[in-house]
Amino acid sequence: MTEHKKLFIHAAAVLLCSATAFAQNSTVRIGVAQAGSAFPDASAADMARVSEGDFHTAVASIGENEVIMFADGEGTPLAPAGNKVFSSSRNWSYTSLGESDVHAVPVREVAAGTPDINTFDLWTDRARYNPGENVWIQAARFADYPDATVRYRRGAEVINEHPLVQEWWMWTPPATDYRGYLVDVYRIDGDGREVILGSIGVDVSSHWKRFPRNGYTAWYEPGKEPYIGGDVAFLNRRHINVVQFQDWHWKHHRPYCADAEYTDIANNRVSLNVVKTLIENQHSYNMHSLFYNLGFGALERAGAAEDGVSDEWYYYFDAGHNEKDYHRLPEGWKSDITFVDPGNEAWQNYLCDRNDEVYRNLDFDGFQVDQVGKRGDGYIYDYYGNRYLMADRFPSLLKAFKSRHPQKSLIMNSVSKHGATQIASSGVVDACYSELWGGEADFMDIYWCIFDHKQAGGNDMKTIFANYMNYDYGVANYGKAFNTPGVLLTDACIFALGGAHLELGTGGNMLCNEYFPNTNLHMDDELKQAVTRYYDFITAYENYIYDTVRELTPTLTSLSGHELCVWNYAGGPKPRRIVVHAKETDSGARVFHLLNFKNINSLSWRDLNGDMPRPEKQTEITLDIDSDRMVSKVWAASPDTDACAPRALEFTQQGRSVKVTVPSLDYWTMLVLE
């Protein structure tokens, strides 16, 4: 008997019948037969009952010299071309153009596991590729695996594969803009199973803003030049495509200094050449470099008046311009920060002139504008006694920046969501940036932040979170490691909801504090490997995670005893559940993000004390999903296992019921129905 391979029948190739073959309530039969033989035989199975889109799909088996054949309920073979239309379904038509369009894909078993990056890893020469650019890939340990194969995929679709035969090689991906790919290396073990050795994501995008992966740098001390290459390479391996230069500037009201060395706000020494070298190095990886500065602050003790800042530009707590608003900074720093009215046109022109100096002398790609959150009741007085809601002054400030430098990127922080709607609806920001604190500590706050930004700025508006992990733990435990479960659960939720997380810094650093040079906590090897996989995952599957057109309100049931919770506008995640957040992509795929909340100790993303427990791994999660469409392919992928490689899953569909078993869930597994 010939060994059979399991097959998934792609919907677009299944319906090979003429329109006359479909009488009301007729049945389509699917089976396997020897090439050239009669069909159907007794083994043929009902595939689709036609009336009102009542689908019955099947998984078939096929061996050598066998073919998939179709017949009507009377046993008459169906013609090799045709279509089928369902009046009550969004699957309006399926057409086969001929035998060559029928693709039967063998499904090999995958040996489960989490490959060790220290044993085998891949690197690429860019964090982001422009359409048409070649991708150079490195596998330093290639000689240790003479039987390995390199595979290129978009989603679960295999584009190409070839033997792994050298350390560096070139791949030319399709030139389509804004596409993510996974490159993985595998070998076949003695049992015929795939063993995934390693993988890496590839992003082909002409601009960072559609799929932002934001990182930072905050160290510019003289003599740092020899270490910059390695520091930035860390970000490149995690596909960071836009980098914030925190506290690089001389004065808030006068950011650029022409001296070879100057001091920042904390009086740390800054080398102008280090700043330039960092920008150059990031550009070599196709990263964009954004300079950070407060949008409406001046350093009075550091010569603001002498530098041309007028008292008439500040804002005040009283109509008589007696009390300015200050942000107090530690003793020994350069100055407290005095706040200027962001809507004052003279101030806007002044700071635009100062930004001209920055762009003339440093090759920055844009401006990361900061603010300080709501002050008092949120209302301010200008010098002349006019009262304004401060957040309403932000759009004109941003438009002034964009008008002066229309080709430069622009982002503005909304601290604790202050001014978020005004910023998102300004029409000039490339992404929304939110620094959340204790008042927005719930996972549901992440959801609403993304939701509100899309409502104000359009469905394509992306959100970057500056969410500082293990904050209290970091203050009290200098030199210790981040709590891996807390970081990964928060990352999984942010990414699954369609957001980005500013967390990774040059040199392998991670944020635990609003003062970016703070390095109280570090990533241990487990977290560093896991985070690398997460960034590979959101890069490889960016079209399934970020290119979404609507949120779904799925009806799904666990057939395996797992308790489920749907996360959408009607309610957030619940403890002791597998949480499911579902969306539809612009390509029509239905994506179900499974998040493991089975043994969490809090519904806060902050993991303040670093005590979020490790999740209880869930296995064999059998789901019954209501679907109003015919499903042709089901697959799952996770950053927590198989080095992000997708697994094709067997499924059955009867009517609207799709039954499928998800093999495992650690923190996050993505299930896709196509």
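**Exercise 1.** Does His321 count as buried, partly exposed or exposed, and at what relative accessibility?

*Solution.* The model is predicted: local features need pLDDT of at least 70, side-chain atom pairs count only at pLDDT 80 or more, and totals for chains, interfaces and linings use all residues. Residues are numbered from 1 along each chain as its sequence is written, and side-chain values use heavy atoms, with hydrogens and water left out.

Step 1: recall the classes. Buried means under 20% relative accessible area, exposed means over 50%, and partly exposed lies in between (1.4 Å probe, protein chains only).
Step 2: apply them. His321 has 29% relative accessibility, so it counts as partly exposed.
Step 3: His321 is in the loop between β21 and β22; helices (H or I, at least four residues) and strands (E, at least two) are DSSP runs, numbered from the N terminus.
Step 4: look at the backbone. His321 is not a glycine, yet its phi is positive, about 45°.

**Exercise 2.** Describe helix α4 and its surroundings.

*Solution.* Step 1: the expected span of a helix is 1.5 Å times one less than its number of residues. Helix α4 (residues 345-361) has 17 residues and reaches 25 Å from first to last C-alpha, close to the expected 24 Å.
Step 1: at the start of α4, a side-chain oxygen of Asn344 comes to within 2.9 Å of the backbone nitrogen of Ala346.
Step 2: the buried residues of α4 include Trp347, Tyr350, Leu351 and Val358.
Step 3: the buried residues of α4 pack against β20 (288-294), β21 (297-298), β24 (366-370) and α5 (394-404).

**Exercise 3.** How many of the residues of α9 are buried?

*Solution.* Step 1: 13 of the 13 residues of α9 are buried.
Step 1: the end C-alpha atoms of α9 (residues 484-496) are 18 Å apart, which agrees with the 18 Å that its 13 residues should span.
Step 2: Gly498, with a positive phi near 100°, follows α9.

**Exercise 4.** What does the side chain of Thr669 reach at 3.0 Å?

*Solution.* Step 1: Thr669 belongs to strand β43 (residues 668-673), and at 4% relative accessibility it counts as buried.
Step 1: its side chain reaches the backbone oxygen of Ser664 at 3.0 Å.
Step 2: leaving out residues up to four places away in sequence, Thr669 touches several residues (contact means heavy atoms within 4.5 Å), among them Phe592, Leu594, Ala636 and Val662.

Key. A polar contact is a pair of N or O atoms within 3.5 Å; within protein, one must be able to donate a hydrogen and the other to accept it, and residues adjacent in sequence count only if both atoms are side-chain atoms.
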